[in-house]
Every structure is written in structure tokens, then in C-alpha cells.
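Trainee: I am new to this structure. Can you show me how to read a few of its features?

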Amino acid sequence: MTHCLIAILLLSLAGSLLADSAAIDPGDQHTGIRNDTTGDAVSPSDQTVAAGSATYAPIQGQETEIPLANAVAAAAGLAEPLDLLGTKVLPGTSQRLSWSATELFEGVPVSTPVLVVNGSMPGPTLCLTAAVHGDELNGIEIVRRVMYGLTPTKVSGAVIGVPIVNVQGFRRGSRYLPDRRDLNRYFPGNPHGSAAARIAHSFFTNVIAKCDALVDVHTGSFERTNLPQIRADLRNPDAVTLTAGFGSMVILHSTPTAGTLRYAATQAGIPSVTLEAGGPSQLELNEVKVGVKGIQTLINTLGMVKKIRLWGDPEPVYYRSSWVRANNGGILLADVSLGSTVRKGDLLGTITDPMSNARSELRSPYSGRIIGMARNQVVMPGFAAFHVGIQTDEPPIDVADDGTLSKESGDSDDYIDGMSE
Ligand SMILES: [Zn+2]
């Protein structure tokens, strides 16, 4: 299944990157989905060093014929019903299903909407997930807009969208499950494990296992916000292929932390990336729009929809990034904004002790771009305040020609800080 997807991806990318730039079809803004229903930062200790292989090669628009992608799709036969959560979703239709992961203490099932658009034409199944952390609101709106912008009769393949994976956290405005566990550390789960492991297992086996590719949407955590960006393990050729489909969006190499949905899906052979956009607990329209545009561009470059406008030149790929941490406690005020370009030694922000009035400066140890940062707040020493994407001329060369994942050292701080997705 995956190989088929990758073949389609490659052909589609080659074809459609240079394709027309037709405007968005207004007709695509409405669908028949019944009943309306409604991402954090990397870096090991203080330095994410990319373990890249030389496999990354952005696919440039070369003169290739678009119909190739169509030919591949056509050769795959007729579209088939999508069997999901005990329901057969017929080709050319959309439906709102419901996934029940667990029960509340009273024995009442907690159900989560699962939106499905099964296209009239055959193709891959793309999955979009959001709010695995319940306080990450931007992704909910991103998935909603993408799903309700699709017209089933114009889609090749299927799109499965789960706007709120962690519905229990969402209801409480919390990143976590009610037992304080981070759901995104328990995938692929265990049917006999903790509550988190069981929920993860149910979601993974009932929904994720149906996907040919996955985009998991997150925001920064704990009052940090992220420039909209794609995080992927750029040692993995399938993930690289996916990242090339998002158009003009920053790409950051990031080894997935074990237990994350991205990690588990990749291990299961499902190419996966994380889309980070903005910060938690707020709905940020600009970040939402960028996220929607990126996913729509991906759907287009996958050859699953036509007529959506393609999006600009690729942004730089950051193979390395580094967090600048507070050395003193106090009130953090930023001197840069998200997306700023900085040079080594530039002032990023100041921290002032409200009692002694002592003031310290945070300066960038690298030239690069601010791809994530803390909102102005009171911080303790050690707080990760600014995330600098470091542009390097070429991907570092070591490791994994076969694209296999290996856990890197130094990820433990992320894991604890909740800075990785
Ligand atoms: Zn998250």
C-alpha cells in the first residue's frame, strides 16, 4: 500500500509542481459532510543535530506530463468503499463517523468525530489528526477547514480527518488526559496498559492503520508558539517526499520521540509528518490559514484534487535547530518576533528580575531564523525561550541510507519539557 502511495506521490509531485496555478474552485468550499463538528518544539538537550542522509533532494519542477499521475490512479482500478469504524463509506460521499476510545467513570462512552471524504476516484488515503494535545486549538480549525473544503466527487482517494483526538483534554482545556498523561507518548498503545495506552491503541488500530500517509497537527506547548512548519525525519525518504508537497512552508528536521503518533505511524510503514502552527489555547487565524494552505497544497501535489492553487517556492530546510534557554529567572520580554532572521550575537530578549531589577540578555548563539519562541511571561532558569532554525548548506551526512529510524541521544529533555510534539 505504502509503495503504491509513494509511486503516486513521486509521479504526482513531478507532474503537479509545475502544473497550472488555477484558482481555488469556489465549488470546493462546500461538501456534504453531515452534521458540522467542529502541534511544540524539538530539540534535544540544547541542540538538535540533524542526522541526515544524503537522500534529501527537493523535487524541482521539471517538464513532466501531469497525466502520468492520473494514469497511475486509473490503473489502480475503481474507487472502493472505505471501511472504517464499522461503516462502509461509499466512493463519492462524505460522512461523519464516531470513534469511542474509552469510557468515563460513569460508563458513558466518550466519542470523537471522525470526518471522512471518500473520493469518486481511486487514490491514497491521507489522514489528518489534531488536538492529540487537548489545548492545541489551531489544528482543530485547520482540519475542519480542509475537510469541509473537499468535494467527494472531485477527490481521488480518501481523506480522514480527526479534529480532536484527545477530546477529554480538549473539554478541560488541557494538553493532557485526565490522568495527567501525555497521550502523545503512548502510541501505538497497548490494549492492556494504562488508560492512555488503551486510548492510543484504540485510535491507532481503528483509524491510523487505515492511512497511507499522516499529517499530525500540533502547536507549541506551555506558552510557546511556533512558526508554521513541517517537522519530519529527513533521513526517511518517504517523509521527505511528503514534506516536498506542502509548498511554501518551513521544514525542520526532527527525529520523532518514541511514543508520538508520528513515530509509531512511521514505524508501522505510514509516512508521517507533524505540522506545527502557533501556540496552545488560542485560535490564531494567520497560523490556521497557513496550515490549511499547506495541507491543501499537499492534497493537490499528491494528485488527490485538482484546481487548488499551488503555493510558491519552497522555504529553506533547517537540518539543525537549537533552543536558547533562560539563564536567570524573571520576566521574559522578547526583542524578536516569530519568523525573524537573526545573526549570531543578536539580542533575542531580556529577562528582568522583578525583585532586584537585575536584567540579563539572551543572545543568539547562531545565525538563523526564529522558528519558535516563548510568549512574554515569567520564566524560571532553564526555560527554553527561543528556537533558532540554523540554515546549513547541505544536510549532514551520516546514518541510515535505508531510512530506518534510530533514536537519537539527547531527546530526553524534549520529552520532559513537552517541547517535542
Ligand atoms: Zn502537541
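Mentor: Start with handedness. A crossing is right-handed if the near helix is turned clockwise from the far one by less than a right angle, and left-handed if anticlockwise. Keep in mind that this is a predicted model.

Trainee: In which hand does α3 pass α8?

Mentor: The crossing of α3 and α8 is right-handed. Helix α3 covers residues 138-148 and helix α8 covers residues 285-301. Their axes lie 9 Å apart, at an angle of about 45°. That makes α3 oblique to α8.

Trainee: Which residues of α3 and α8 meet?

Mentor: From α3 come N138, E141, I142, R145 and V146. From α8 come E287, V288, G291, V292, I295 and Q296. This contact holds 5 nonpolar, 3 polar and 3 charged residues.

Trainee: Now a single residue. Is V273 buried or exposed?

Mentor: Count neighbours. A residue is buried if 20 or more other C-beta atoms lie within 10 Å of its own. V273 has 27, so V273 is buried. V273 sits in strand β11, residues 272-278. Among the residues V273 touches are V215, I230 and L242. I230 is 43 residues away along the chain, yet the two C-alpha atoms are separated by 6.6 Å.

Trainee: And strands? What does β16 pair with?

Mentor: For strands, look at bridges and their direction. β14 pairs with β16 in the antiparallel sense over 4 bridges. There, A334 has G349 in β16 as its bridge partner. β16 and β17 also run antiparallel, joined by 5 bridges. L347 stands opposite R363 in β17.

Trainee: Which residue in the hairpin of β16 and β17 takes a positive phi?

Mentor: N357, with phi near 70°. That hairpin has 6 residues between the strands.

Definitions and conventions. Residues are numbered from 1 along each chain as its sequence is written. This is a predicted model: local features need pLDDT of at least 70, side-chain atom pairs count only at pLDDT 80 or more; totals for chains, interfaces and linings use all residues. Axes are lines fitted to C-alpha atoms, for helices over the stretch in contact, and angles run from 0 to 180 degrees between N-to-C directions. Helices (H or I, at least four residues) and strands (E, at least two) are DSSP runs, numbered from the N terminus. Angles under 35 degrees count as roughly parallel, over 145 as roughly antiparallel, 65 to 115 as roughly perpendicular and the rest as oblique. Two residues are in contact if their C-beta atoms, placed from the backbone, lie within 7 Å. Ala, Val, Leu, Ile, Met, Phe, Trp, Tyr, Cys and Pro count as nonpolar, Asp, Glu, Lys and Arg as charged, and the others, Gly among them, as polar. A residue is buried if 20 or more other C-beta atoms lie within 10 Å of its own, exposed if 12 or fewer, and partly exposed in between; C-beta atoms are placed from the backbone. Two strands pair if DSSP finds at least two bridges between them. Lists of a residue's contacts leave out its neighbours within four places in sequence.
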